[in-house]
Each structure stands twice: as C-alpha cells, then as structure tokens.
Amino acid sequence: MQLSGVHHLTAVSADAPGNVRFYSKVLGLRLVKKTVNQDDVSAYHLFYADGLASPGSDITFFDFPTLPEKRGNNTVTRTGMRVTGEKSLAWWHERLKKAAVAVGEIAERDGRLTLDFEDPEGQRLSLIDDGGAGEAFPWEKSPVPAAQQIRGLGPITMSVPELRATDAALTGLMGMHEVRTYPNPENAKDTVHVYQMGEGGAGAELHVAVQPNLRQAQQGAGAVHHVAFRTPDAEYDNWAERLTKLRVPNSGKVDRFWFRSLYFREPNGILFEIASDGPGFGIDESMDKLGEKLVLPPFLEGKRAQIEAGLKPL
C-alpha cells in the first residue's frame with residue numbers, strides 16, 4: 001500500500017458567497033460540486049478543482065457561521081497550489097494585487113519559486129512553481145488563461161510543537177519518507193521537515209514545521225479543517241484494516257458517495273483523511289454540468305426540501 005499524494009484539503013469559510021467569488025472568479029478554479037456537509041446539513045460543502053475534477057486538485061470548504069481562526073500550532077498552516085513557471089507566478093502576482101488580497105513577493109523556498117497570499121478570510125495559500133510536472137487539465141470556462149491555471153494542490157504545510165510522534169505516524173503508519181529539511185521562512189530557528197508520498201513531487205509532499213513556542217491554534221474562518229491523502233480504490237479496504245490492526249482510533253469506513261474516507265488524528269491532533277480516488281464527481285452529474293446545482297448524495301435526497309430551506313443563496 002502506498003499513498004500517492006494529496007487528495008483534497010478542506011477548510012472553513014464564514015462567507016460562502018464571497019468564497020465562491022474568490023475561488024471561482026479570482027483563482028479561476030472550477031466549482032465542481034455544490035453540496036452540503038454530510039454531518040451538518042445546515043452548512044454548504046463547496047468543492048473547487050481543475051477542469052476534470054481530478055483527485056489531488058480540489059480544495060473544499062465548509063460554510064460555518066464562525067469567528068476568524070486564532071492562528072497557532074497543531075494545525076495545517078498553508079496550502080500549496082501548483083502552477084508552471086516564473087512567468088505564471090509574475091502573472092498571478094499582478095492579478096492578486098488587483099484583487100486587493102494580502103500577497104507577498106515571489107521567493108525561492110525549498111528549491112521552488114513560491115508566491116504566498118491569503119484569501120479574503122485569511123486562508124493561507126501559496127502558488128508553487130512545479131516545473132510543469134505531470135498532467136494538467138485546464139477548465140475551458142475559467143477566467144484564468146490555461147497556461148496560468150492552477151494545476152493541483154501541494155505541498156501542504158502543517159505545524160506541530162514536537163516531531164517525534166508525528167514522524168512515527170507519517171513514516172510507520174502512513175508509509176511516507178522524510179527526504180529533506182529547510183529553515184522555516186517565518187523563523188529560521190525552526191525547521192521544516194519534508195515528507196514524500198509515492199513518486200514525490202510538490203503534489204505528493206507534506207511539510208511539517210516544528211514550532212515548539214507557538215500556542216495551539218483555534219478553529220475558525222480561514223482555518224483548515226483537515227487534509228486528505230490519496231489511495232487507489234483497490235487499497236482503501238486495506239487502509240481501513242491497517243488502522244484497526246494498529247489500534248489507531250478512527251472513523252471506520254465512511255462512504256462520501258463521490259469517494260470513500262477514513263478519518264483519524266495524528267499524534268499532535270491534526271485531522272487526517274485517507275480518501276479513495278473514485279468513483280469521482282461525475283457519478284451523479286454530467287461532467288459538463290458539474291457544480292451548477294445543489295447535489296445531494298442519495299441518502300440525503302429525501303430531505304432535499306428541508307435542506308434547501310435552511311441554506312442561504314450563493
């Protein structure tokens with residue numbers, strides 16, 4: 001069994017209409033699924049991805065009425081989004097400045113050109129030059145030209161106060177490999193450890209910053225709820241058995257209809273998910289109509305009228 005990379009990342013928004021505007025109109029991502037949080041149907045669950053809704057390309061949001069995140073430790077702190085080339089980063093730098101969001105300068109980090117920015121709610125993001133590695137699936141209706149479109153997620157950066165137990169989970173339980181380190185750009189006294197999945201590359205890396213002097217973060221708007229890692233469909237059951245065999249407290253098998261999930265917390269409390277690649281977002285909508293209407297999994301369809309009545313228009 002081997003995880004192949006990042007599957008998706010789920011974050012928190014307190015402004016669903018603004019979220020749609022920013023991620024679809026400014027970042028040019030495709031809204032591929034407009035649904036609800038299956039554990040709290042009063043909240044939207046919005047999925048944005050590439051043109052084909054590929055695993056590894058989607059960033060998703062729960063819409064909760066909440067205060068802003070209190071930043072700190074024991075959480076995912078930054079989400080990488082992959083683009084190709086320095087010219088693309090320069091193009092994005094100008095676009096993000098015009099969008100009036102917090103944006104830094106293009107800089108090299110861990111051997112890759114990087115542009116840090118935040119969404120309007122303070123979600124910390126980075127555009128990463130991945131050198132054009134692997135396939136890309138642009139969305140033809142995106143307001144962003146195909147050459148500049150976001151190709152997928154990764155790397156994902158998280159922060160912990162102590163590494164040993166997290167390292168044991170990443171390597172001993174999940175089969176990742178530590179491949180290098182670099183100084184934390186926020187504090188050069190701290191170290192970021194890079195863990196690789198599968199064949200590696202930016203879309204298959206988890207960066208773990210060890211920051212012993214930070215207070216613990218508190219969830220809120222602008223926070224990350226969890227990060228999910230990819231497994232082939234055929235290996236999903238084996239991961240469920242592995243978590244049980246090693247006595248890791250976990251959710252058990254959860255069928256999300258578009259993919260299957262397993263949830264557990266790593267030793268510093270960050271919520272992880274192992275998610276299957278399939279069956280995919282085209283199982284209940286034609287690929288050319290993804291995200292255009294509210295879609296519910298079959299087990300919630302009978303409650304559609306009640307659910308729709310409780311949602312705010314986007």
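This is a predicted model: local features need pLDDT of at least 70, side-chain atom pairs count only at pLDDT 80 or more; totals for chains, interfaces and linings use all residues.
## A parallel pair in the big picture

Let's start with two strands that run side by side: β9 (residues 152–160) and β12 (residues 205–210) pair in the parallel sense, with five bridges between them.

The loop between β11 and β12 is where you'll find Gly-201. Gly-201 counts as partly exposed because its relative accessibility is 33%, which falls between the 20% limit for buried and the 50% limit for exposed.

## Strand β4, covered on both faces

Now for another part of the chain. Strand β4 (residues 58–63) is mostly covered, with six of its six residues buried.

β4 pairs with β1 and with β3. Strand β1 (residues 6–13) runs parallel to β4 and is joined to it by six bridges, while strand β3 (residues 40–49) pairs with β4 in the antiparallel sense over four bridges. Phe-61 is a handy landmark here: Ala-11 is its bridge partner, and Leu-46 stands opposite Phe-61 too.

Helix α1 is mostly covered, with eight of its 11 residues buried. The buried set is Ala-16, Gly-18, Asn-19, Val-20, Phe-22, Tyr-23, Ser-24 and Val-26. Asp-15 caps the N-terminal end of α1, with a side-chain oxygen 3.1 Å from the backbone nitrogen of Gly-18. After the helix comes Gly-28, which has a positive phi near 75°.

How do α1 and α2 meet? The axes of α1 (residues 16–26) and α2 (residues 86–98) come within 12 Å and cross at roughly 150°, and the crossing is right-handed. On the α1 side the contact is made by Phe-22, Lys-25 and Val-26, and on the α2 side by Trp-92, Arg-95 and Leu-96. Sorted by class, that contact has four nonpolar residues, two charged ones and no polar ones.

## A buried lysine

Lys-33 is in strand β2 (residues 30–37). Is this lysine buried or exposed? Lys-33 counts as buried, because its relative accessibility is 0%.

What do the polar atoms of its side chain meet? One of them lies 3.0 Å from the backbone oxygen of Phe-281. The Lys-33 side chain also makes a polar contact with the side chain of Asp-284, at 2.8 Å. Leaving aside neighbours within four places in sequence, the residues in contact with Lys-33 include His-45, Leu-46, Phe-47, Trp-258, Glu-285, Leu-290, Gly-291 and Val-295.

## Ser-276 in strand β16

Ser-276 has its place in strand β16 (residues 271–279). Ser-276 is buried because its relative accessible area is 1%, and the cut-off is under 20%. Its side chain reaches the backbone oxygen of Gly-278 at 2.7 Å.

Setting aside neighbours within four places in sequence, Ser-276 is in contact with His-7, Thr-231, Asp-233, Tyr-236, Phe-259 and Arg-260. As for His-207, it is 69 residues from Ser-276 along the chain, and the two C-alpha atoms are separated by 22 Å.

How values were computed:
Residues are numbered from 1 along each chain as its sequence is written. Side-chain values use heavy atoms; hydrogens and water are left out. Axes are lines fitted to C-alpha atoms, for helices over the stretch in contact, and angles run from 0 to 180 degrees between N-to-C directions. A crossing is left-handed if the near helix is turned anticlockwise from the far one by less than a right angle, and right-handed if clockwise. Contact means heavy atoms within 4.5 Å. Ala, Val, Leu, Ile, Met, Phe, Trp, Tyr, Cys and Pro count as nonpolar, Asp, Glu, Lys and Arg as charged, and the others, Gly among them, as polar. Buried means under 20% relative accessible area, exposed over 50%, partly exposed in between (1.4 Å probe, protein chains only). Two strands pair if DSSP finds at least two bridges between them. A polar contact is a pair of N or O atoms within 3.5 Å; within protein, one must be able to donate a hydrogen and the other to accept it, and residues adjacent in sequence count only if both atoms are side-chain atoms.
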